[in-house]
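Welcome, and please get your viewer ready for a short tour of side-chain contacts. We will go stop by stop, selecting a few residues each time.

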Amino acid sequence: MSDIIRLENIEKSYGTHQVLFGIDAEVSEGETFAVIGPNGAGKTTLFKVMTGEAPCNGGRVIFRGEDVTAIPAHRRARAGMGRTFQVARVFLELTVLENVVVAVEARHKNEGRRDVPWYAFKPAQSVVAEAMELLAHFELEAKRDAEASELSHGDRKRLELAITLAGKPKVLMLDEPTAGMSPSDRAGVVEVIKRIREENRITIIMTEHDMSVIFGLADRILVMNQGARLALGSIEEVRNSPVVREVYLGKESQHD
Amino acid sequence: MLFAIINSLTTGMAVFLVAAGLTLIYGVMRILNFAHGAFFMVGAYLVSSMVGQAPPSTLALAAAAILAAFIVGLFGLVVQRVVLKRVQDADEHYMLIATFAVMLICVGVVKLIWGLEFLSVSPPPGLEGGNMLGPVFVPTFSIFVIVCGVLAFLLLELLLQRSWAGKMLTAMSRDRLMAQLMGLNVPVWMMVAVGCSFALAGLAGGLLLPNQTLSPVLGDQFLLMSFATIIVGGLGSIRGAFLAAILLGLIDGFNAIAFPNIPGVGIYIGLVFFLLVRPNGILGEEQI
Amino acid sequence: MNPAIKATLLVLSALVLLALPLWVNPGLLHLVGVTIVMGVFAVAWNLLFGYAGLASFGSGGLFSIGAYFMAVMLRAGWQDGFLLLILVSMAAGGLVAFLVGAIALRRSSGIYLAILTLALSEVLRLFLMRWHWIGAEDGLPNIVRPSFSIGIARVDLSNGHSYYWFLCLACAAMVAIMWWILHSPLGRTLRAIRLDPERTAFMGVNVYGYKLAAFTLSGIFAAGAGALYAPWAQIVTPDLGNMTRSVQPILYTLLGGASSFWGPLIGAFSFSAIEYATRTLVGIQEIITGAILLVIILVFPTGIAGAFSRFVGALMPSEPSSRHGSSVASAVRTETP
């Protein structure tokens, strides 16, 4: 297995306040990689550095063998990074179908495909078909003409996943996929993520608070604390790491 | 040369008097108030009605200006209650438009009450004429404006930095949520700030009245200059506005000497330059 | 709203406008002509605001670029190339907008972009006011309405109502092109950008590039509106580019409704109607305009078009009526941090 993303000595500060202190990590192709740590550990910032939302002040981000440190977010997205947000972000004033159509159209354009002449009013049949397939996958096809603002929280999360997968990412980055959900909904999300992983053979990077979700999904875990890397390894390795036990898992002895 | 500098400083301080209130209201409410120039104009008209076209004395002018400040401040409270409070959580474009609407209403009221004719007011006896400062002639009124500007700045600085109320306002403009957490009655303090801001506009209108041609478009001229000032100075910063006012005054003075046939362009070019190179202004805080 | 109702309304209003010269007096006709042009100008502005989420307060500058270009060329006797002149002035507006946007959109947005564009159009206006060969403060009067030939036929727009009809046609063409652009994939992507630029970037869309495209297109059509305006008014002055002018399309758009393509046009006509009704009342006019604007922002942030489609929606239960929120909070787009 080769590395799909490699982080080399990432440093990040906001003004005088440093949030990331020389993070090193590598994510192998096809694995599910979780970033955990207490609030304020720098997980979301690390995410932003990887996706290109926030440029880092030091270090390099290597994506599929290419140094992307200075490359803006939309070009990293084209190269195969897809991401979701803690609070699902979809286009509230567009219909459910339009949400996905925009995403499919964007990918086709980047692939240099021209489905319809540039002056067409209606999206191409092939685009709509592809979008409907994605909606069906997430059980949203019945709501295709509803405005996204009318959707429930859970539906929005699924729509966001559909939008993200419409870009056919190589790496799927999930920022707290179960934030604000009930335990039963969480189990559902774990199932959905498992299914996505199997069907697309996709690399997944996620941050998460809920240990049961992590243990159910992750191959390897990066543990962060106060902007620094505490440990990196398989669940077993991390669990047995004395540093981690002290700082983090120590408080959650029920997982022992 | 000295004459030009004094002229520049006069322009700068006049603009600062108007811009101070504008930057104050921005600091507290994050609203860029298009109506500020209009309320400045209302202040000027109010004072002109009180003192007539030939004010009897400097004291009368100052007293009238303070009274006008009080009245305009009260208007400000009404505007705050009826308009600003309701739009403050909306998209910033809508806030701009809302204050623009208030400005239109103000202009309409001014036209209705005072008509369309141009009105001019001469300086009161104490501020007429001028003195020779070395080889150059300095109008007394210029000195009056500069002194007023510097006084206003020092007073505001003192109030905001030293007084308890000022510290509250500063804290609130930094972080509204934290201020609420600390038990500050934010709505009340907002009223105070808005009242002060409008009062400053009214005061400036009164003080700058002499040598001014009063017309319903007076507000526009000062509004654009004040916008430039507070943006160059960094939105919300009184100190920045003071420095920016001096800087823009000097640019304008230089413009008047070097390119006399296109007056007023320098300020805008300076503004554009600052927006592109240092969008947070001279003393602006980093945007989050 | 039902497309059939929409189309009927559209055809009806077009017919009324075309038939107008047959019964209204010249003064009112002049106002209607100006309103049509301003309506197009407002649609062009809303292409930027309603679709890309950018507010320019300097569109008056682009309008006056088109108007001045046309005025100078027509006075120089280039009547024969009138149609070409329209295209060239649009290109000029587009070029200026592109250059401004290429720099400004990288560095600023929101309030800063608003003030930046306002400052630039003021600079332009101050230059126009001082430039003697284009009339300085007095502007350029006596602009002829052109007569030119296309192929074998000769078109004479100088007499009677012919220029009015030409104006209607040209404006309809511009509106049609804008409608077309905004309903193509480009328009869809722009709407997505307005709603959430970051999310759109993660779909691999070059957000800056699209914003620049919208900025340029808006400039093209603003200048086009200006170019059509010059022969209609027969005079251009530096005040075409002042702040009040730049704010007109904003007022129209908000009055009519930014979320609808037709909103700015509806707003332009409503606004003109108010102005016409209050034209003799000095001062009252501003008060009424300001008050209406305030009421709209505080009570109906979706404008006339939004209120109307809600009304129609309420009459016809089969249509989803919850398309437009009613409170400021739900309809006004708050930018995500």
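Start by selecting Lys111(B) and Glu286(C): they form a salt bridge, with the closest N and O atoms 2.4 Å apart (a salt bridge is a side-chain nitrogen of Lys or Arg within 4 Å of a carboxyl oxygen of Asp or Glu). This pair crosses between chains, from helix α4 (residues 92–114) of chain B to helix α12 (residues 284–299) of chain C (helices, H or I, of at least four residues and strands, E, of at least two are DSSP runs, numbered from the N terminus). Lys111(B) is buried at 18% relative accessibility, and Glu286(C) is buried at 14% (buried means under 20% relative accessible area, exposed over 50%, partly exposed in between, with a 1.4 Å probe and protein chains only).

A word on the model: it is predicted, so local features need pLDDT of at least 70 and side-chain atom pairs pLDDT 80 or more, while totals for chains, interfaces and linings use all residues. Residues are numbered from 1 along each chain as its sequence is written, chains are lettered from A and ligands numbered from 1 in the order written, and side-chain values use heavy atoms, without hydrogens and water.

Next, select Arg89(A) and Asp196(C), whose side chains meet in a salt bridge of 2.7 Å, N to O. Both residues are buried.

Finally, go to Phe82(C) and Phe148(C), a tilted aromatic pair, 5.7 Å centre to centre with 35° between the planes (ring centres of Phe, Tyr and Trp, its six-membered ring, within 6.5 Å; planes under 30 degrees apart are stacked, over 60 edge-to-face, the rest tilted). Phe82(C) is buried at 0%, and Phe148(C) is buried at 2%.
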